[in-house]
Amino acid sequence: MRLAATAIGGYYPTPSGIVSDIVRGFEKPDASTQVAILDPCAGKGEAVIQFARGISTPRNSPKVYAIEMENRRHDALQENLRNYGTYPQRFELHGDAFSVPLKTDSDNEGFSVLYLNPPYDTDKKFVRVEEKFLDRFTNTLMVGGVLVFIVPGYALSASA
């Protein structure tokens, strides 16, 4: 990993404008559809919260599950989720997302949306760290769930 990327733990938060573009590509869920979003690399939580607010309706607010390993970003994640508004269902974990048991046993269970903006780096086994995250967390999606995979263009071919 480049020295500058190492210093920030491979953390490249999604710019707000890109999150807005992603939200525009989604249909808002109807009132009977419960949406659960997983962000295993949540950072400070700003992007996943913006995304959740963008797809929420007055009668349907997504549940947000967020994981962050780095201490200061996790503290900010906790604070941002507390300020998430009136949305009652939000969960955060402090730790390594790879050690959290998230696999579900039923096709109807799991997360509606996997919001995945992993660290950008190389990996010995998977070629790219992004591919390692994709491999680990794709099975947490319910059948018909949506993957939001945010990676630089040069890294996409490793996961295609």
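Visitor: Is Thr14 buried or exposed?
Guide: This is a predicted model, where local features need pLDDT of at least 70, side-chain atom pairs count only at pLDDT 80 or more, and totals for chains, interfaces and linings use all residues. Residues are numbered from 1 along each chain as its sequence is written, and side-chain values use heavy atoms, with hydrogens and water left out. Buried means under 20% relative accessible area and exposed over 50%, with partly exposed in between (1.4 Å probe, protein chains only). The relative accessible area of Thr14 is 11%, so Thr14 is buried.

Visitor: Which side chain does the side chain of Thr14 join in a polar contact?
Guide: A polar contact is a pair of N or O atoms within 3.5 Å; within protein, one must be able to donate a hydrogen and the other to accept it, and residues adjacent in sequence count only if both atoms are side-chain atoms. Thr14 sits in the loop between α1 (3–7) and α2. At 2.8 Å, the partner of its side chain is that of Asn117.

Visitor: What is the strand order of the open sheet?
Guide: Strands (E, at least two residues) and helices (H or I, at least four) are DSSP runs, numbered from the N terminus. Two strands pair if DSSP finds at least two bridges between them. β3 (90–94) and β7 (141–149) each have a single partner strand, so they stand at the edges. With five strands in parallel pairing, the order is β3-β2-β1-β4-β7.

Visitor: Which residue in β2 is the bridge partner of Asp39?
Guide: Strand β1 (residues 36–39) pairs with strand β2 (residues 63–68) in the parallel sense over four bridges. The partner of Asp39 is Ala66.

Visitor: At about what angle does helix α3 run to β1?
Guide: Axes are lines fitted to C-alpha atoms, for helices over the stretch in contact (heavy atoms within 4.5 Å), and angles run from 0 to 180 degrees between N-to-C directions. Helix α3 (residues 46–55) lies across β1, β2 and β4 (111–116). Its angle to β1 is about 165°.

Visitor: Which elements do the buried residues of α3 pack against?
Guide: In α3, the buried residues are Ala47, Val48, Ile49, Phe51, Ala52 and Ile55. One of these, Ala47, is also in contact with Thr14. The buried residues of α3 pack against α2 (16–24), β1, β2, α4 and β4.

Notes. Lists of a residue's contacts leave out its neighbours within four places in sequence.
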